[in-house]
Amino acid sequence: MILEIGTEDLVEYSFSVILVITIFGLLFGSFISMLVYRLPLGISLFNPKRSSCPNCKYTIKWYENIPILSYIFLKGKCANCKDKISIIYPIIEFTTVTITLLLFINIGLNIEFLTITLLFYTLITLSFIDFKYKAVPDYLLILALIIASFSANFDFQSALMFAGGFVILELFITYYIQNIKAKILKDDSLKDQVSLGEGDIPIVAIIGGVLGIKLALIGIMLSAFLAIIPAILNSFIKKDIETPFIPYLSLALLLVYLNQELIINSLTGQYSI
Ligand SMILES: [Zn+2]
């Protein structure tokens with residue numbers, strides 16, 4: 001019977017699979033936005049079961065909780081008290097579904113897709129918590145590292161090398177800020193500043209392990225490049241030296257992961273179509 005499947009059937013099959021993957025991505029996006037809201041505040045994931053408005057405690061009905069769409073229909077306001085709902089939640093849902101589809105197109109439907117998607121779901125959660133609080137729960141970092149280690153080509157040696165390299169880099173930059181920059185700027189507050197967050201180290205290890213040495217180097221350079229403008233804006237406008245780095249590391253990992261063949265081919269000078 002398989003032989004009788006024509007091109008039209010294949011197109012239909014792909015469409016229905018893409019629809020299922022999209023719904024899967026949206027549902028997880030909604031779950032991740034709940035994690036980003038609840039985990040840092042220490043609210044249980046199971047109690048209350050249904051989300052409520054942080055302002056008036058109104059229990060949000062299921063049809064007011066449809067990922068992305070409900071935000072648009074409710075014009076970003078609570079259905080009961082009309083208080084503004086943060087745009088961060090539909091952004092998380094959109095990010096999650098987009099990444100899910102990109103990974104599906106890139107990997108196909110297999111165990112590796114599930115592992116890498118689960119890894120990126122954890123990284124999305126970490127990134128948005130990092131944006132909001134500039135600190136992330138350790139157990140999420142450990143979870144991300146464990147999930148990553150199950151990916152097909154995880155390179156433990158490269159993971160350890162990158163984590164170690166990053167610790168040394170952090171020591172140097174922190175020494176520079178606390179002892180040299182603090183003296184030059186005569187700013188005692190810099191004496192307690194650290195350069196890079198400890199939370200960045202497990203993410204760097206994940207990049208090293210998932211991408212392997214060569215691609216991970218490109219990933220780390222790309223993340224620094226992606227973070228440079230927000231970092232400059234932060235330190236000059238807000239006088240804040242701490243830029244959340246996990247979102248840029250995660251984005252760089254995604255970009256390099258999705259384009260690994262292209263990057264390897266350009267590095268070796270063998271362009272293939
Ligand atoms: Zn409300």
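Helices here (H or I, at least four residues) and strands (E, at least two) are DSSP runs, numbered from the N terminus. This is a predicted model: local features need pLDDT of at least 70, side-chain atom pairs count only at pLDDT 80 or more, and totals for chains, interfaces and linings use all residues. Residues are numbered from 1 along each chain as its sequence is written.

**Stop 1: the whole chain**

Show everything as a cartoon. There are nine helices and zero strands. Along the sequence the pattern reads α-α-α-α-α-α-α-α-α. Now colour by burial. A residue is buried if 20 or more other C-beta atoms lie within 10 Å of its own, exposed if 12 or fewer, and partly exposed in between, with C-beta atoms placed from the backbone. By that count, 27% of the 273 residues are buried. Next, consider contacts, meaning pairs whose C-beta atoms, placed from the backbone, lie within 7 Å. Of the contacts with a separation of 6 or more, 67% link residues 24 or more positions apart.

**Stop 2: α1 and Ile32**

Select α1, residues 7-38. Then pick Ile32, which lies in this helix. Ile32 is buried, because 20 other C-beta atoms sit within 10 Å. Display its partners: setting aside residues up to four places away in sequence, Ile32 touches Ile92, Thr96, Tyr121, Ile124 and Thr125. The C-alpha atoms of Ile32 and Thr125 are 6.0 Å apart, yet these residues are separated by 93 residues along the chain.

**Stop 3: the loops on either side of α2**

Move to the loop between α1 and α2 (69-73), where you will find Pro48. Check the peptide bond joining Asn47 and Pro48: it is cis, with omega about 0°. Most residues other than glycine have a negative phi, and most peptide bonds are trans.

Stay in the loop between α1 and α2 for Lys57. Its phi is positive, near 65°, and the residue is not a glycine. Is Lys57 buried or exposed? Lys57 has 10 C-beta neighbours inside 10 Å, so it counts as exposed.

Now jump to the loop between α2 and α3, and select Lys75. Lys75 is exposed, with 9 other C-beta atoms within 10 Å.

**Stop 4: α4**

Select residues 111-133 for α4. The 23 residues of α4 reach 33 Å from first C-alpha to last, close to the 33 Å expected. Step one place past the helix: Lys134 follows α4, and its phi is positive, near 55°.

**Stop 5: Leu141 in α5**

Go to Leu141 in helix α5. Leu141 is buried, because 22 other C-beta atoms lie within 10 Å. Leaving aside neighbours within four places in sequence, Leu141 is in contact with Leu126, Val136, Gly199 and Pro202.

**Stop 6: α6**

Select 156-184. At 1.5 Å a residue, the 29 residues of α6 should span 42 Å, and its end C-alpha atoms are 41 Å apart, which agrees. Look for a kink of about 35° centred on Ile177. The bend at a residue is the angle between axes fitted to the seven residues ending there and the seven starting there. The buried residues of α6 are Ser158, Ala159, Phe162, Ala163 and Phe166. What covers them includes α7. Just after α6, Lys186 takes a positive phi of about 50°.

**Stop 7: α7**

Now select residues 200-237. As a straight helix, these 38 residues would span 56 Å, but α7 spans only 23 Å between its end C-alpha atoms. Where does α7 bend? The bend is at Gly212, by about 125°. Pick Ile207 as well: not counting residues up to four places away in sequence, Ile207 touches Phe162, Ala216, Gly219, Ile220, Leu249 and Leu253.

**Stop 8: the nonpolar core**

Finish inside. A nonpolar core is a set of buried Ala, Val, Leu, Ile, Met, Phe, Trp, Tyr and Cys residues joined through C-beta atoms within 7 Å. The largest has 46 residues, and those with the most contacts inside it are Phe120, Ile124, Ala144, Phe162, Val204, Ile207 and Leu249. Helices α1, α3, α4, α5, α6, α7 and α8 each supply at least two residues of this core. Of these, α7 gives the most, with 10 residues. Domain 1 (1-109) and domain 2 (112-273) both contribute, so the core lies between them. These bounds come from an automatic or database domain assignment.

Conventions. Expected span 1.5 Å × (residues − 1). Contact = placed C-beta atoms within 7 Å.
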